[in-house]
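Below is a short briefing on one protein chain, arranged by topic. Please read it alongside the sequence and the coordinates.

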Amino acid sequence: MLNYTEIYNWYIAHAKGKSYSLFLDVILFPPTVILAMITALSDFLHSHGLMKSEQPPLPVISVGNLTYGGTNKTPFVIMLAQYAKSKGIKPGIVLRGYRGKAHEAVIIMNGEGERDLTGDEALMISGKLPDVPVAVAVKRIDGVKALKEAGAELVIADDAFQHRAMNRDCDIVLVDALCPDGNGRLSPSGIMREKFKALKRAHIVVITKSSMAEREKLAKLHEKLKKYVNSENIFMSDIDADGWRFNIPDEGSSVFAFSATGSPETFTRSLEERGCNVTGSRAFTDHHKYTHDDVKTLNALSVNAKYITCTEKDLANMAGILPDEFTLPLAVPKVKVTLRESEKFFARLAEVMRPEIVIASNGYGEDAIASVLAVKMREAYPEARLSAFPLVGSGEAFKRVGVDVMSAKSVTPSAGVFKYSLRELWADLRAGLLHQVAEQLKDWRKVSRNILTPVCVGDVYLLLNTLWGAGKRPLFVATAKTVYISGHWRTERALIRSFTLKTWTRDEPTAVQIGRNASYSGSPIMDLIADGKRTEGNVILLLPGSRKSANNDVKILLSAVEIMNSKGYDNFRMMLAPTLDYDKFFASCKDEGWTHSDTALTKDGVKISLTYDEISKASEGVCLLLGMGGTANQLCAGLGIPVIAPDNKGKRVQKKLLGDSEILTSGSAVAMAECALRVLDDERLYDYMSVTGRERMGVSGACDDVVRYTSETLGWKVRENVYRKLASSPVYTEEARQR
């Protein structure tokens, strides 16, 4: 009659490809198919942000594998923690705690804890890392939060590659050189958790036990890995001797080996490499908890040896058992991980840990706000890689402030994603909108593995584009809608609540309407004005807008200028958006009899100065706006500048927001000029429009709060500090490891 251990060893031999059993193949096929489908579905949902992955408040390095057991994760985790300490970083370890009974996060120090509560690995790791907090938690994110409270700056997560519920800054995957995939099948038919293609998610791959493998097999494994991972991200490591505990066997001494690990054959082989003569061995199931009866059995089996030996992990499973209970002297080998190219490995690790921030936006006004936020992010995180992802146009607003643009240029007839008519949608589709969207999603996939939580400035379409492409729930600065303009649809509110990490709205009522995760900390629109204050003056600002329609709208503004000039007004300024085709624009001006230079338009003694500055600069000294724009109109209203605009569908939507701070006219030059003159001549009306604009638009401050949230809640500042220490010299040394 087979006992449990024999059945387990029979199964493991089959799963690792050392023997074959048709019986096991048949009975394990159905659950293998089911688990494979569940794994594939989980991967799809996580890759597109449909299953939640939390952003931990500390930087996290995950050490995992593709197989069950035996890749030497634990000594690798210990090595990384020792390295972090050598760089002046306070590390912490988090692990699930196999067979532990802790329901809440438990912190242990210096190897002191209950094995039944924390599991064996946590105790072993803690015993090897004095003064390093080790957290055992069913939900690893809870463990990270507990480690933050314990003073950790960097978390190393043991066995977390498949734990997609928590984002990681770096995924290191270990591959066993001696048994990289077992029989090649997924669990339970084999030992694989995922197929090799999952390595595309990894930042670094390390082939462990490389010195034990044949050179030809090692080369084949390396070539296989290169199909999924760039060669410069593949490294090799070995398990080397690091002394003994209790007793030291003489060279050539006979030993009896027992272990309860995922790869017992590796243990016996390492003993032989140390010069021991292994006369017998006994393998228990992984994480086996030893009893006094087990000791009696081992004593009986080891009578022909001089020493009895086990792994350090086994010691953690011997609660209540003393070394003296063994008939033979107990000798426990200590091990350490050594890397073949340690300098290169740690340099690559530091580069991966460098924070990478992406700010996405979708529209000219949104780009302007996002560029302000980008500048604030750069000031807060000078060591981070910062880039922009505009969905519309070529990102000129970002380029002007020196921020790299990573998305492909996207230009459509509507100058964005259509808003007001099916005709605009059809025109955009004919211009290649779907192809542009597909290219944007490809661009997201290129960086999704490396970036921190993306930041979106715009509407729900941008949110969904980012979510699907980057696979991470973003921070969302909702600039497109407010309760004053009908508010977000019920579906939009549900999407925002479900798929954003945090949302900032344009006003308090909109935050209340959205509910969960939404707040108001000032209007992001008003962040475009540096201090939110108006510079008094008598300039009349003309804004033809940023779309192709500006080529026709400018004719109305120019005629209005002539009418107002005839009434004694002569101080005009026109703001030109960078998205305009200036050749066509100035050709329209010429059709009306105006000549132009780089700085002005002139006609019959009337002069209009030209500015290419942002609205924050262009609005200096302005007393009134004749505006065809969107965001710029709103900003001027927020500064207390009355706005005159043409009556059309888009502007009627805008007026719901601006209220009586904006007057809509028929859109003719005469109507706009007469309305402007009436406002300028009526002091009471002027003041009422000015006060209303300030009340409706609110104050600035949203961008500053976004930066504060990323630093204090998401831990981006800690990440930058950790990166700075990792990137510093000197390199890791043996003396530093021992310290």
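Which residues make a nonpolar surface patch of about 730 Å²? The patch is made by Ile7, Trp10, Tyr20, Leu22, Phe23, Val26 and Ile27. This is a predicted model, in which local features need pLDDT of at least 70 and side-chain atom pairs count only at pLDDT 80 or more, while totals for chains, interfaces and linings use all residues. Residues are numbered from 1 along each chain as its sequence is written, and side-chain values use heavy atoms, with hydrogens and water left out.

**Overall figures**

- The chain holds 28 helices and 27 strands; helices (H or I, at least four residues) and strands (E, at least two) are DSSP runs, numbered from the N terminus.
- Along the principal axes, the C-alpha atoms of the chain fill a box of roughly 115 × 50 × 40 Å.
- Of the 739 residues of the chain, 56% count as buried; buried means under 20% relative accessible area, exposed over 50%, and partly exposed in between (1.4 Å probe, protein chains only).
- The accessible surface of the chain comes to about 31,600 Å², and 52% of it belongs to carbon and sulfur atoms; accessible areas come from the Shrake-Rupley method with a 1.4 Å probe, and for residues only the protein chains shown count as cover.
- Among contacts in the chain with a separation of 6 or more, residues 24 or more positions apart account for 72%; contact means heavy atoms within 4.5 Å.

**Nonpolar surface patch**

- Patches are made of residues with over 30% relative accessible area and no salt bridge, with like charges joined within 9 Å and nonpolar side chains (Val, Leu, Ile, Met, Phe, Trp, Tyr) within 5 Å.
- A salt bridge is a side-chain nitrogen of Lys or Arg within 4 Å of a carboxyl oxygen of Asp or Glu.
- Helices α1 (4-15) and α2 (22-47) each supply at least two residues of the patch, and α2 gives the most, with 4 residues.
- Leucine 22 lies in helix α2 and counts as exposed because its relative accessibility is 56%.

**Nonpolar cores**

- The largest nonpolar core has 50 residues, of which Ile359, Leu373 and Met377 touch the most other members; such a core is a set of buried Ala, Val, Leu, Ile, Met, Phe, Trp, Tyr and Cys residues joined through side-chain atoms within 4.5 Å.
- Helix α12 (residues 364-380) gives the most to this core, with 7 residues.
- Not counting residues up to four places away in sequence, leucine 373 touches Ile359, Val455, Val457, Cys703, Val706 and Val707.
- Apart from this core lies another, of 43 residues, among them Ala81, Cys170, Phe235 and Ile239.

**Cysteines**

- A search of the whole structure finds 0 disulfides, a disulfide being a pair of cysteine sulfur atoms within 2.5 Å.
- Cysteine 276 is in no disulfide, and the nearest cysteine sulfur, that of cysteine 310, is 13 Å away.
- Cysteine 276 counts as buried, at 8% relative accessibility.
- Cysteine 636 is in no disulfide either, and the nearest cysteine sulfur, that of cysteine 623, is 11 Å away.
- Cysteine 636 is buried, with a relative accessible area of 0%.

**Other positions**

- Threonine 74, in helix α3 (residues 73-86), counts as buried at 10% relative accessibility.
- Threonine 74 touches Glu121, Met124, Ile125 and Asp158, not counting residues up to four places away in sequence.
- Glycine 568 lies in the loop between α19 (550-566) and β21 (572-575) and is exposed, with a relative accessible area of 59%.
- Glycine 568 and glycine 693 are 125 residues apart in sequence and, C-alpha to C-alpha, 27 Å apart in space.
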